[in-house]
Amino acid sequence: MGEHSYCPEPTIHPDEPLPVVVERVLNSSVPPDEAPALTCRVCGNRDHTSAWHDGIYRIHQLCRECGVSLAVQRADAPNPLLAADHARQWKEIWRLRNEAPRNPS
């Protein structure tokens with residue numbers, strides 16, 4: 001699905017079921033490289049973005065509603081503390097998910 005359907009921020013993701021989100025992304029147009037999307041391809045939100053630095057290489061313009069990356073640019077300098085914090089958040093999310101009780105089949 002490429003860069004424009006990526007949700008890098010660990011705490012913000014689309015609320016709808018994955019098949020709905022994927023269908024919307026596949027049926028939408030992709031802006032030219034480096035051009036910011038004016039409308040979120042996933043939730044339809046317009047012009048409400050926030051900058052999010054991955055701590056290493058990129059700064060994403062994220063949809064404030066669902067967290068999808070609408071544009072990306074290279075960061076001038078890495079921020080190791082920020083990268084470590086993001087890695088910790090993702091590890092915690094996956095740890096909690098793996099510890100959650102499983103529904104018997």
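Predicted model: local features only at pLDDT ≥ 70, side-chain atom pairs only at ≥ 80, totals over all residues.
The pocket holds about 200 Å³ of space, and of the 13 residues that line it, Tyr-6, Pro-8, Trp-52, Asp-54 and Ile-56 lie nearest its centre.

Which elements supply the lining? Strand E2 and helix H2, residues 80-99, each give at least two residues, and the largest share, four residues, comes from H2.

Let me turn now to the strands, beginning with the pair formed by E1, residues 49-53, and E2, residues 58-63, which are antiparallel and are joined by five bridges. Within this pair, His-53 stands opposite Ile-59 in E2. The hairpin that links E1 and E2 has four residues between the strands, and there Gly-55 adopts a positive phi near 90°.

On to the next pairing: E2 also runs antiparallel to strand E3, residues 69-74, again with five bridges between them, and here the residue facing Leu-62 is Ser-69 in E3. In this second hairpin, five residues lie between the strands, and Gly-67 is the one with a positive phi, near 85°.

As a general point for anyone following the strands on the screen, side chains in a regular strand alternate between the two faces of the sheet.

To draw this together, E2 pairs with E1, pairs with E3, and also contributes at least two residues to the lining of the largest pocket.

Terms used:
Residues numbered from 1 in each chain as written. Heavy atoms only, no water. Pairing = 2+ DSSP bridges. 1 Å grid on protein atoms, 1.4 Å probe; cavity = no way out; pocket = protein on both sides within 12 Å on 5 of 7 lines; lining within 4 Å. Points joined across faces, edges and corners; volume = space filled by probe spheres on them.
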